[in-house]
Amino acid sequence: VEGLCSTLASLNTPSAFNKQTVTSSSTAVLTATASGTLPVGSFNLQVEQIAKSSKVALKSSVAGSTFSSGALNITAGSTSLSVNVEAGKNTLADVSAAINAAGQSKGISAVIVNDTSGQRLVISSTTTGEGNDIKVTATPDGVTTGTVALTELQFDPLVTTTPPSST
């Protein structure tokens with residue numbers, strides 16, 4: 001009788017009837033937990049888009065161009081790398097190879113794309129989500145002058161260009 005009374009006493013609390021569970025059809029996309037303030041009911045959440053990684057096409061240059069020497073710094077969120085551009089290793093292919101070597105373990109890579117305006121470097125990152133856009137800065141050192149300034153490879157996702165006004 002005593003066991004029965006203690007079992008019945010445990011059923012005399014609201015928490016015995018307010019059990020909350022949460023399930024996800026894809027825990028790779030969404031995980032959730034239930035809290036004590038969750039109202040009774042069934043809730044559906046639909047993920048419409050998964051965050052994508054960043055990719056940027058830099059300014060084009062003429063095939064065979066060389067770049068002035070200095071450091072090219074690339075960041076994607078908290079991931080960053082720096083490559084040195086120097087005499088004899090200052091073509092677009094050299095810069096691409098240096099980025100690929102330095103970025104291999106960091107998820108940053110580069111390829112050269114040819115289009116109607118010339119050749120351009122396309123830099124990609126495997127880092128996803130807001131705030132992880134690729135940013136490229138250049139710090140020329142003045143040692144070697146190329147046919148193109150190293151600063152022409154700079155890119156800042158927060159800087160937008162506006163067309164000239166037609167007033």
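Biologist: What does valine 136 touch, not counting residues up to four places away in sequence?

Modeller: Valine 136 touches Leu58, Leu72, Asn73, Ile74, Ile123, Leu153, Gln154 and Phe155. Bear in mind that this is a predicted model.

Biologist: Which strand is valine 136 in?

Modeller: Valine 136 lies in strand S6.

Biologist: Is valine 136 buried or exposed?

Modeller: Buried, because its relative accessible area is 1%, and the cut-off for buried is under 20%.

Biologist: How far apart are the C-alpha atoms of valine 136 and glutamine 154?

Modeller: They are separated by 4.9 Å. Along the chain, the two are 18 residues apart.

Biologist: New topic. In what order do the strands of the open sheet run?

Modeller: The order is S1-S5-S4, with antiparallel pairing. Strand S1 (53–57) and strand S4 (108–115) are the edges, each pairing on one side only. From one strand to the next, the twist averages 20°.

Biologist: How many bridges join S1 to strand S5?

Modeller: 4 bridges, and S5 covers residues 118–128. Valine 56 stands opposite isoleucine 123 in S5.

Biologist: Which helix packs on the sheet?

Modeller: Helix H2, residues 92–103. H2 touches S4 and S5, and its direction makes about 155° with that of S4.

Biologist: Last one. Where is threonine 144 found?

Modeller: In the segment after strand S6 (134–140).

Biologist: Why does threonine 144 count as buried?

Modeller: Because its relative accessibility is 17%, and buried means under 20%. Leaving aside neighbours within four places in sequence, threonine 144 is in contact with Ser68, Ser69, Ala87 and Asn90.

Definitions and conventions
Residues numbered from 1 in each chain as written. Predicted model: local features only at pLDDT ≥ 70, side-chain atom pairs only at ≥ 80, totals over all residues. Heavy atoms only, no water. Helix = DSSP H or I, 4+ residues; strand = E, 2+ residues; numbered from the N terminus. Buried < 20%, exposed > 50% of the residue type's maximum accessible area, 1.4 Å probe, protein only. Contact = heavy atoms within 4.5 Å. Pairing = 2+ DSSP bridges. Axes fitted to C-alpha atoms, helices over the stretch in contact; angles between N-to-C directions.
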